[in-house]
Amino acid sequence: MNELCHIRSIPSSCFCSPNSKTSQKNPRQALVKVQANRVSISMHNSEMKVPHVLTVAGSDSGGGAGIQADLKACAARRVYCSTVITAVTAQNTVGVQGVDIVPEEFVAEQLRSVLSDMHVDVVKTGMLPSPGIVKVLCQSLREFPVRALVVDPVMVSTSGDVLSGPSVLAGFREELLPLADIVTPNIKEAAVLLGGVPLRSVSDMRAAAKLIRDMGPRNVLVKGGDLPDSSDSTDVLFDGEEFYELRSSRVNTRNTHGTGCTLASCIAAELAKGSSILEAVRASKRFIETALDYSKDLVIGNGTQGPFDHFFALKNISQNSTRQDKFNPNDLLLYAVTDSRMNRKWGRSILDAVKAAIEGGATIVQLREKDVETQEFLDAAKVCLEVCHSYGVPLIINDRIDVALACDADGVHVGQSDMPAHVARTLLGPEKIVGVSCKTPEQAQQAWIDGADYIGCGGVYPTTTKENNSTVGLDGLKEVCLASKLPVVAIGGIGPSNAHSIMEIDVPNLKGVAVVSALFDRECILTATRNLHSLLSEAAKLKK
Ligand SMILES: Cc1ncc(COP(=O)(O)OP(=O)(O)O)c(N)n1
Ligand SMILES: Cc1ncsc1CCOP(=O)(O)O
Ligand SMILES: [Mg+2]
């Protein structure tokens with residue numbers, strides 16, 4: 001049995017377990033526990049919960065990986081991050097020019113400074129360059145238990161330079177991994193942990209995950225980004241019972257330096273916020289995919305592997321715009337729009353419909369519930385939001401700004417005769433997503449002025465889902481796209497038989513299709529969504 005508390009075995013309302021040594025060692029936390037007995041830190045009469053990750057890793061002078069990546073990842077995920085530095089590397093986008101290992105006594109002192117004073121939820125480890133450092137870390141974790149331990153078994157840099165030699169392997173296998181809640185090797189690191197047998201396929205990754213789990217960690221994520229000849233990046237998560245194959249599209253870019261550190265830090269940050277392992281991994285993979293996509297053309301350094309931008313969400317702010325762009329236009333690829341009538345016809349709850357669509361690959365979801373009572377709509381929106389967020393998928397509410405505000409949804413979609421888009425923007429603030437329906441170039445230009453994030457253009461083809469809805473056809477769709485800088489999603493009568501003709505329109509801001517009946521008026525939503533998603537992914541690749 002692991003000495004660390006398992007993340008799922010602790011109720012989210014309890015930070016310090018009653019037997020936690022931390023609460024005895026740290027008078028401030030003990031005070032908090034007695035006074036408040038819940039997840040909070042008392043400060044000047046106000047209570048503020050601060051999820052906290054401690055990263056134990058090496059410094060990268062180039063700023064792309066290591067401690068620097070961890071700090072940026074945690075900040076981007078809105079989690080506090082403290083740092084224990086194990087080594088200082090002289091490093092850039094070309095490679096690692098030098099490594100200076102911090103003496104193990106001083107690593108121990110840093111650990112004590114942080115853990116004896118601050119309430120750390122999750123420890124994440126990166127470069128652990130000597131057996132002595134692995135040992136002092138394990139001692140500290142026993143002395144100051146935390147809620148979860150994420151081990152990124154960093155051994156070789158992206159440039160191929162060795163960061164931790166084979167001397168640390170025994171400490172990893174015997175002491176550190178048995179304490180870990182999750183370990184995140186890439187295929188090379190998994191091979192090293194298992195004594196050198198190379199991994200060449202997803203089935204090798206599954207076998208490796210099983211063998212590594214036998215070393216003691218509760219979950220193993222084998223990252224397949226380096227597998228040759230695959231168009232997707234597939235990672236295998238094994239929790240001792242189930243295997244999950246988690247896919248993301250491979251972004252064609254040189255800027256991948258620091259992805260391993262960032263992924264592990266994001267997982268740690270999500271665990272610190274209370275997510276389950278599966279939710280944390282899913283959200284983190286999605287974060288990396290989006291960050292790489294936004295950063296694919298960045299030029300930092302002259303080497304072969306550049307860093308990427310963790311703060312893509314602030315992109316528009318840094319470009320002097322007043323609008324904060326937390327929205328990724330690529331999310332519009334497969335926009336699933338629910339319909340209460342169809343759910344009723346097939347005897348499904350809104351939640352079941354949404355779950356199936358997300359499982360099938362929907363990249364954004366809209367609740368379009370025209371004839372449900374407000375209370376029912378709000379309750380459904382709340383549970384759907386949880387599910388959507390556990391998959392990193394945004395949830396948009398159709399028409400009802402009040403419902404969007406009440407459940408803190410990611411945004412709203414309004415039509416030309418609904419609440420005007422500029423009013424929706426004012427009510428929701430800069431961080432939420434506002435989508436607006438447009439049929440004409442004039443409406444498309446106004447959508448930009450009003451502060452919308454995207455345009456829904458249609459009906460492109462005739463539909464029975466929306467009554468009295470005139471169609472714009474492929475030409476009308478193209479005109480709307482050309483009239484605006486905003487990303488556009490096509491809607492109306494779209495399904496597997498005609499989605500390709502939409503995606504073939506040669507305009508860069510046409511990002512995907514929004515679909516109701518081709519997903520929700522089907523016997524199996526999962527299969528329908530999966531089929532359409534694979535078709536759209538292929539079409540999007542051709543567009544790039
Ligand atoms: C993505 C997307 N595009 C367009 C619409 C249509 O919205 P609207 O014109 O307000 O019509 P209703 O959906 O409210 O009937 C949409 N919902 N989503
Ligand atoms: C909401 C909406 N707005 C324009 S067409 C449409 C309905 C799209 O539904 P379907 O995908 O079933 O044709
Ligand atoms: Mg509407």
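This is a predicted model: local features need pLDDT of at least 70, side-chain atom pairs count only at pLDDT 80 or more; totals for chains, interfaces and linings use all residues.

Colleague: How many helices and strands does the protein chain have?

Modeller: Helices (H or I, at least four residues) and strands (E, at least two) are DSSP runs, numbered from the N terminus. Here the protein chain has 21 helices and 19 strands.

Colleague: What percentage of the residues in the protein chain is buried?

Modeller: A residue is buried if 20 or more other C-beta atoms lie within 10 Å of its own, exposed if 12 or fewer, and partly exposed in between, with C-beta atoms placed from the backbone. In this protein chain of 544 residues, 49% are buried.

Colleague: And what do the contacts in the protein chain join?

Modeller: Two residues are in contact if their C-beta atoms, placed from the backbone, lie within 7 Å. Of the contacts between residues at least 6 apart in sequence, 66% join residues at least 24 apart.

Colleague: Let us turn to helix pairs. At what angle do H4 and H5 pack?

Modeller: Axes are lines fitted to C-alpha atoms, for helices over the stretch in contact, and angles run from 0 to 180 degrees between N-to-C directions. Helix H4 (residues 104-117) packs against helix H5 (residues 131-143) at about 25°, and their axes are 9 Å apart. H4 is therefore roughly parallel to H5; angles under 35 degrees count as roughly parallel, over 145 as roughly antiparallel, 65 to 115 as roughly perpendicular and the rest as oblique.

Colleague: Which residues make that contact?

Modeller: From H4 come Glu104, Val107, Ala108, Leu111, Arg112 and Leu115, and from H5 come Gly132, Ile133, Val136, Leu137 and Ser140. For classes, Ala, Val, Leu, Ile, Met, Phe, Trp, Tyr, Cys and Pro count as nonpolar, Asp, Glu, Lys and Arg as charged, and the others, Gly among them, as polar. The contact of H4 with H5 has 7 nonpolar, 2 polar and 2 charged residues.

Colleague: How do H5 and H6 cross?

Modeller: The axes of H5 and helix H6 (residues 169-176) come within 9 Å, crossing at roughly 15°. That makes H5 roughly parallel to H6. Pro131, Val134, Lys135 and Cys138 of H5 meet Gly171, Phe172, Glu175 and Leu176 of H6. This contact of H5 with H6 has 5 nonpolar, 1 polar and 2 charged residues.

Colleague: What about H13 and H14: at what angle do they pack?

Modeller: Helix H13 (residues 350-359) and helix H14 (residues 374-390) pack at about 20°, with axes 9 Å apart, and are therefore roughly parallel to each other. On the H13 side, the contact uses Ile350, Leu351, Val354, Lys355 and Ile358; H14 supplies Ala380, Val383, Cys384, Val387 and Cys388. By class, the contact of H13 with H14 has 9 nonpolar, no polar and 1 charged residues.

Colleague: How many residues of H13 are buried?

Modeller: H13 is mostly covered, with 7 of its 10 residues buried. Among them are Ala353, Ala356 and Ala357. Just after H13, glycine 361 has a positive phi of about 115°.

Colleague: Now single residues. Is alanine 207 buried or partly exposed?

Modeller: Alanine 207, found in helix H8 (residues 202-213), is partly exposed, with 18 other C-beta atoms within 10 Å. Alanine 207 and valine 236 are 29 residues apart in sequence, with their C-alpha atoms 9.9 Å apart.

Colleague: And isoleucine 288, buried or exposed?

Modeller: Isoleucine 288 lies in helix H10 (residues 277-295) and counts as buried, with 23 C-beta neighbours inside 10 Å. Leaving aside its neighbours within four places in sequence, isoleucine 288 is in contact with Thr259, Thr262 and Leu263.

Colleague: Finally, which residues come closest to ligand 1?

Modeller: A residue is near a molecule or strand if its C-beta atom, placed from the backbone, lies within 6 Å of it. Ligand 1 is surrounded by 17 residues, the closest being Gly415, Ser437, Gly456, Ile491 and Ala514. The shell around ligand 1 has 6 nonpolar, 7 polar and 4 charged residues.

Colleague: And which come nearest to ligand 2?

Modeller: Thr463, Thr465, Gly492, Val516 and Ser517 come nearest, of the 14 residues around ligand 2. That shell around ligand 2 has 5 nonpolar, 8 polar and 1 charged residues.

Technical notes. Residues are numbered from 1 along each chain as its sequence is written. Chains are lettered from A and ligands numbered from 1 in the order in which they are written.
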